[in-house]
Amino acid sequence: MTTIVWFRRDLRLGDHRPLANAVARGGAIVPVYVHDDAGDPWAPGAASRVWLHHSLAVLARDLAARGSPLVIRQGPTASVLAALVAATGADALAFNRRHEPHERAREAAVAAALAARVALEISDDGLLVAPARLHTRDGEPYRVFTPFWQRLREVFVAAIPHAPPRRLTPPPRTVAGVPLDTLALLPSTGWDADVVAHWSIGEAGARRRLDAFVADGIEDYAAQRDLPAADGVSRLSPHLHFGEISPRQAWHAVAAQAAASGRLGVSDRAIGWLRQLAWREFAQHVLHHYPATSDAPLREDFGRFPWVEDAAGLAHWQRGTTGYPIVDAGMRELWQTGWMHNRVRMIVASFLTKDLGVHWRAGAAWFWDTLVDADLGNNSFGWQWTAGCGADAAPYFRIFNPILQSRKFDPDGHYLRRWLPELASLPTTALHAPWQAPPTVLTAAKVRPGIDYPVPLVDHGTARTAALARLRQMQA
DNA sequence: TGAAATGTTGGGGCG
DNA sequence: ACGCCCCAACATTTC
C-alpha cells in the first residue's frame, strides 16, 4: 500500500486529513509538491513565491525528519503525478481541494488522468465548511455576509484537529525529485531579505503566532484591530493562505482558550476574530460559486463602469507618493514587509478606485504581486467589495476620506511616522494633511512640499464628486 | 467595515 | 425681559 500525498496550499503536517488518513491506513507515503505555473493567469506573484520557497523548505525539513522526504517536481501536474504513480506503484492519491478556477481545472485534469488507476482521496481542509454545504433556503450561494455567518455557525462543528504524524513510512525505493532551488522562486536581487525578516515562515512559526495571539491578543482584538500602529491583529493571513495552519486549527485554538479560562463559550470579544475568519471563508466560497469574479465584477452592471486610465496616478499609488500620508504609509508598509494592515488596505483601495477612479483590477494585480498573503479569493473579494461591485459590497457612494480615516485610526500618528520618516518631525495636528499646515510649521519640521514629500495628487473633495459622477454615468 | 449635506435643537451673546 | 441670531452639537438624509 502506497499513497501519494499531493501538497498544495496545505504546507503543514498537523490537521492534514490526506496525510492523517494515509498514516492511519498504513503503508508507504510519498509526499509530493508539483510546481506548475504554466498557463495559470494567477500564478503566484513575487512576494508569494518568496514565502512559498521558505514554506516548502520548512515542510521538506519536517517531512524528512519524520522519515519520508518531500519530492519536488515541476511540469504539467497530471502527467507529473501519473509518472509518480507509475514509478511508485501507488494505490492512492490524496490531496486537499483548492477553490481557484485554475486549480479546479488542474484537479479535473488529474482526476481524468488517474481516476482509473488509483483511488482519489480528496479533502477540503482549507475551509471550515465545504462550499456545497452552505446555501440559502432557495439553494443559492450566499451573497450577503451576515446570513452566511449565521449559517456557518450552525453548520460548522469544531472538532479536535488531527495531530501531526510522528513517523512516515517512506516508499521502498527512493523517489527522485528536483532541489527546491530549481523552482527559482526567490528573486535574484535580494529584496526579499527585508520581507522574510518580518516573518517566521512555516508550520512551527504559524503555530507560535496563533498560540501567542490567542493567549495575548484576542481579547483586545475588538479594541485594537482598526489601529494600524498597534500590534492588535493576528497577522496569520499568509500562514492561512499557505496552509501552514488550517482554519479549523485556528477556530479550535480560540475555543480551547475559552474552555481553559472557564468560560462556557467563546467570549464576545474573541467572536469578533472568528468573524474575520468567516470573512475569509466567505470570500473562498464566493470565488468557488462565482469563478469569474477574479477578473469580472460580480454585479454585472459594473461591466460598463467608466474606469479612468491613469497610469501616472497608479504609479504614484504603487510607490506611495500620492501625497496622502495614510495612503503612502500603507503602500510603503506593503512594499517593505509584504503585508498591510486591513484597515489601511481599505483606505488605499478606496483611494485608488474612487479618488483616482482606477480599475480595481489594477489594484488587485499590484496586491497580488506584493502581498505575501495574496489569495485569489480574498484579494478579488476585497477589491470588489471596496469598488462596490462585489458580494455584500459597500455601496459605491461609501467613499473613504483619507484624512478623516487617518485622524480616526492613527490619532497619534505613530503609523504615519513609522513608514514616512520624512514627516516624522511634523506635529500630529499637521501630520495627517501636511499641505494644510502653515508654512512655518512645515519649515520647522524640514518638510518642503513637493520636495521632501509630495503635494496631494488630487483634492479629495473634488475627486469624490467626480467618483459620484462616474457612478451616475454608469447608471444612466 | 463612511462622509457630506441638511435638518433640528438649545444655549448664550447681544441689542 | 425678550426676541433675534449664531452656531455647536446632535440627528437625519443623501450621496
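Two strands are said to pair if DSSP finds at least two bridges between them. With that in mind, look at Phe7, whose bridge partner in β2 is Tyr33. Please remember along the way that this is a predicted model.

The pairing of β1 with β2 is parallel and runs over 6 bridges. Both strands belong to an open sheet of 5 strands with parallel pairing, ordered β3-β2-β1-β4-β5. Since β3 and β5 stand at the edges with a single partner strand each, one side of each has no neighbour in the sheet. On average, neighbouring strands here are turned by 25° against each other, direction ignored.

| Strand | Residues |
|---|---|
| β1 | 2-7 |
| β2 | 28-35 |
| β3 | 71-74 |
| β4 | 92-96 |
| β5 | 119-123 |

Next comes helix α1, residues 17-25, where the buried residues include Leu19, Ala20, Ala22 and Val23. Among the elements that cover the buried residues of α1 are β1, β2, β4 and β5. Gly26 follows α1 and has a positive phi, near 90°.

What about the core? The largest nonpolar core has 121 residues, and Val30 is among the members that touch the most others, together with Ile4, Val5 and Trp6. Contacts of Val30 include Ile4, Val71, Leu84 and Pro171.

Finally, which residues surround DNA strand B? Among them are Trp279, Phe397, Arg398 and Gln405. The surface near DNA strand B has 6 nonpolar, 2 polar and 1 charged residues.

Note on methods. Residues are numbered from 1 along each chain as its sequence is written. Chains are lettered from A and ligands numbered from 1 in the order in which they are written. This is a predicted model: local features need pLDDT of at least 70, side-chain atom pairs count only at pLDDT 80 or more; totals for chains, interfaces and linings use all residues. A nonpolar core is a set of buried Ala, Val, Leu, Ile, Met, Phe, Trp, Tyr and Cys residues joined through C-beta atoms within 7 Å. A residue is buried if 20 or more other C-beta atoms lie within 10 Å of its own, exposed if 12 or fewer, and partly exposed in between; C-beta atoms are placed from the backbone. Two residues are in contact if their C-beta atoms, placed from the backbone, lie within 7 Å. A residue is near a molecule or strand if its C-beta atom, placed from the backbone, lies within 6 Å of it. Ala, Val, Leu, Ile, Met, Phe, Trp, Tyr, Cys and Pro count as nonpolar, Asp, Glu, Lys and Arg as charged, and the others, Gly among them, as polar. Helices (H or I, at least four residues) and strands (E, at least two) are DSSP runs, numbered from the N terminus. Axes are lines fitted to C-alpha atoms, for helices over the stretch in contact, and angles run from 0 to 180 degrees between N-to-C directions. Lists of a residue's contacts leave out its neighbours within four places in sequence.
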